[in-house]
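Here is my note on the fold, as you asked. Please read it with the model open beside you.

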Amino acid sequence: MAVREVRSYGDPVLRQKARPVTEVTAEIRALIADMVETMHHEIGVGLAAPQVGIALRLVVMDDGKGKARALVNPEITDRRGSAVAEEGCLSVPGIFAEVERSEWIRVEAADEDGKPVAIELRGFLARVVQHEMDHLDGVLFIDRLPPVARDRIKKRIQREGLPAEGSHRAFAL
Ligand code: ZN
């Protein structure tokens, strides 16, 4: 296992539409293990493969009890309600903003053994998965902000760059 470099805002891989995983091979399992290690190293609670430079539809998340799980080719098959809460992103360090998400989601995916799974998530974990799944479509959380807030953040990044390493050790996805 190894910690991989987390790609930052401006890296084109973060804007790609990721490809489906065709088969959960040993290589994919190794990638999952690296992503889990990277997520824990960065004190994150979720990580999507494009964030480590791999444009595949694969996310890892902490299940809220300290256990990591992988979602391969995840699809949201149902959603209910809405909730607003602050988010950050390991790929957009130092930026935090309130984002509206569905409060409850049902997700179908394959697990790290390639077996189909269906899970229902609400609240924080539902938010984590929606944030990570956006990464698979090249969408960042700042894209979901009202235009005025989004433009202010983008201008700030253009003007000042992203904060240096070490300043993003907070809730981030
Ligand atoms: Zn993120």
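The points below go from the basis of the model to the helices, the sheet and the cores.

1. Basis. This is a predicted model, in which local features need pLDDT of at least 70, side-chain atom pairs count only at pLDDT 80 or more, and totals for chains, interfaces and linings use all residues. Residues are numbered from 1 along each chain as its sequence is written, and side-chain values use heavy atoms, with hydrogens and water left out.

2. Helix α1, length. Helices (H or I, at least four residues) and strands (E, at least two) are DSSP runs, numbered from the N terminus. Helix α1 covers residues 26-41, 16 residues in total. The expected span is 1.5 Å times one less than the number of residues. That gives 22 Å, and the end C-alpha atoms are 22 Å apart, so the two agree. After α1 comes I43, with a positive phi near 55°.

3. Helix α1, burial. Buried means under 20% relative accessible area, with exposed over 50% and partly exposed in between (1.4 Å probe, protein chains only). In α1 the buried residues are I28, L31, I32, D34, M35, V36, T38 and M39. Their cover includes β1 (46-48), β2 (58-62) and β3 (68-80).

4. The sheet. Two strands pair if DSSP finds at least two bridges between them. Here 5 strands make an open, antiparallel sheet, ordered β1-β2-β3-β6-β7. On average, neighbouring strands are turned by 40° against each other, direction ignored.

5. β3 with β6. Strand β6 spans residues 104-110 and pairs with β3 in the antiparallel sense over 6 bridges. V72 has A110 of β6 as its bridge partner.

6. Helices on the sheet. Axes are lines fitted to C-alpha atoms, for helices over the stretch in contact (heavy atoms within 4.5 Å); angles run from 0 to 180 degrees between N-to-C directions. α1 lies across β1, β2 and β3, at about 40° to β2. Helix α2 (residues 123-136) packs on the sheet and touches β1, β2, β3, β6 and β7; its direction makes about 155° with that of β2.

7. Cores. A nonpolar core is a set of buried Ala, Val, Leu, Ile, Met, Phe, Trp, Tyr and Cys residues joined through side-chain atoms within 4.5 Å. The largest has 21 residues; M61, L71, I105, V107, L121 and V129 touch the most other members. Its largest share, 6 residues, comes from α2. Leaving aside neighbours within four places in sequence, V129 contacts M61, L71, I105, V107 and L121. A second, separate core of 19 residues includes I28, M35, V36 and L90.
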